[in-house]
Structure formats: C-alpha cells, structure tokens
Amino acid sequence: MSHVVIGGGTGFIGRRLAKTLLAEGYEVTTISRMPGVKHISWHELEKEGLPSGTTAVVNLAGQNVLDPTRRWTAGFKQNVWNSRINTTAACARAIERATIKPSVFVNISGVSHYAPGAQKHTEASPVSQYDFMSRLCTEWERAATLSDNSICRIVRIRSGVVLGRDGGMIRSLILPFWFGLGGPVGDGRHDLPWIHLQDLCNLIRFAIEKPEVTGVLNGVAPQLATNADFTKAFASALFRPAFFPMPLFALNLVFAEERAVLLTNGAKVVPQRVLEYGFRYQYPDLAAACKEVAHLF
C-alpha cells in the first residue's frame, strides 16, 4: 500500500487531497499543528523523521495570504513566508534523512513566478522576482531542493487560484455574490489563472503515480480566463446578477496592494507539460467548474 505524508493536510486543499487518496486505497498521514489519528506535528517530523513506509511526500502548508481578517503587517508577511519556506525545507530534510527514501516529493507553490503581460507562460517560460509574491514563490521552490544524488523524484506544481466550495477565493466571494452584490474587480480584464480543487488533487495524485512526471507543472486549467469571465460564470452558476464592480482602490485598502495583486494582476499561464503528460481534467472549462462549486450553495 502506498503511504502519502501530506504537509498542511488539514487545510483547504489538504482535506480534499486526503479524501481523494483515501478513496483510492492510499494510507495518509497528515503533518499539522492539530493532534489526531494519523497526524504528526512538524516538531515530530523534525525529531523523528518520516513515518515508516512513506512512499510520497506532498507539501501544501502555508498561511492563507488572502485572509481578510489579518492586516498586511511585517509580522503577518513573515508568517506567510515562514509557513511556506520552513515547512517545505522541513519536508526536504526529512526526505534526505530517511533510510528508505520516498519515491516522490510534490511541492505546491504559485503562478506568481510569471510576470503579467500579453505573453502566454508555459512551464519553460523564464521566471523573475519582481514583487513579494514572486520572491516568495522562488524561495518556496528552492526550499524543496534535494541533494544531487537523491533518488526521490521532485515535482513542483505552480497552482493558480483554486476554485472549491470550502475555502480560497470562493469562500471569500460567496456572500456578496449570493446576495447579488458581486462583480468584477476593476474592469475585469486582468487574467485569472485558475484550477478546480478536484483537478488540483487529481494532478497531485497523477504526479505521485506516474514515475515519468518530474519537474515543474503549471497547476492551472487549460482554459484561459479573465476576472470578468469568472464573474460572469460564477454569477450565472448561482443564478444571480453581478453588476457591482469592486474598485481597485477598495481591494488595495482591504488587502494592501502587495497581496491584492493575487486578485488584480494575473498572468496568462498554460499547462503545456501537464497536457503533454496526458493528464485529463475533470473541469477543463470555467462554466463547468463554477457550476460544481455553486451546486450546494
């Protein structure tokens, strides 16, 4: 039986990933701050290493950047940084120390590597450090580095905005959209790289199971979309109007401009290598993804 250890397994993505893997007969252990059956703490990981029989490690840990209840202070920024870099490095150290190495290490980061603009970005596109989020993503991936002689495969998934009922952007937007107060951000023309939660979990499972999969994968849907496209699709799925645009200055006021860029300044990102490997999306288009997300609201 395959045994997957998930860093951040109690979070928005981690809970669905654990459910997906358990349904397929995997054994799952979660690394988190919360005690429980089949849970270990980050301190236990550092002290005792990976559980016996670990065949794959996935790290999803990280403070929610877009938590509107948290001000964008120096302390919160440091927490956002440490919660990603330190946990990823801890997973890498545990893999290096393991007597019997897991076969694969899957690390999730973001598409902020890619600068906004007219060009489409594939996994082969150059990356740059042009703001806080891009620097974070660069160091996040660097923390997942293993020694040159490691036999453990590394897969780096750069995720777009994850659409799911239980968290992320949808959880923040559901109330205004439900009451007919939703709308695009600004003029809505900026790109919004996205992926349905189940497709991201399926892609992680795909990366675990396919030994030929390695390196960077763009964890985004194949359909390019703008914020206006999302607004139209989500409002339609909820059978609600969406006439009230969110002014950019208001979003910058709520989140601070440095993190609001996640919602206001996306890039055109395409999953070229994902498609070349033969991965099949369950929700390849935005309308279908939004209908599934809105189904139980």
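A residue is called buried when its relative accessible area is under 20%, exposed when it is over 50%, and partly exposed in between, using a 1.4 Å probe and protein chains only. By that rule Phe239 is exposed, because its relative accessible area is 74%. The structure is a predicted model, in which local features need pLDDT of at least 70 and side-chain atom pairs count only at pLDDT 80 or more, while totals for chains, interfaces and linings use all residues. Residues are numbered from 1 along each chain as its sequence is written, and side-chain values use heavy atoms, with hydrogens and water left out.

**Overall form**
- The protein has eleven helices and eleven strands; these are DSSP runs numbered from the N terminus, with helices (H or I) of at least four residues and strands (E) of at least two.
- For 297 residues, a compact globule would have a radius of gyration near 19 Å, and the protein agrees because its value is 19 Å. The radius is taken over C-alpha atoms, and the globule rule is 2.2 Å times the number of residues to the power 0.38.
- Along the principal axes, the C-alpha atoms fill a box of roughly 60 × 40 × 40 Å.
- Of the 297 residues, 55% count as buried.

**Nonpolar cores**
- A nonpolar core is a set of buried Ala, Val, Leu, Ile, Met, Phe, Trp, Tyr and Cys residues joined through side-chain atoms within 4.5 Å.
- The largest core holds 32 residues, of which Val106, Ile157, Ile204 and Ile208 touch the most other members.
- Elements that each supply at least two residues of this core include strand S1 (3-7), strand S5 (104-110) and helix H6 (197-209). The largest share, eight residues, comes from H6.
- Beyond its neighbours within four places in sequence, Ile208 is in contact with residues including Val4, Val58 and Val106; contact means heavy atoms within 4.5 Å.
- Another core, of 28 residues, lies apart from the largest one and has Leu66, Phe230, Ala233 and Leu263 among its members.

**Residues in loops**
- Phe239 sits in the loop between helix H7 (227-237) and helix H8 (248-255). Its phi is near 55 degrees, a positive value in a residue other than glycine.
- Ala256 lies in the loop between H8 and helix H9 (257-264). Ala256 also has a positive phi, about 80 degrees, although it is not a glycine. With a relative accessible area of 23%, Ala256 is partly exposed.
- Thr122 lies in the loop between strand S6 (120-121) and helix H4 (132-142). Thr122 is buried, because its relative accessible area is 16%.
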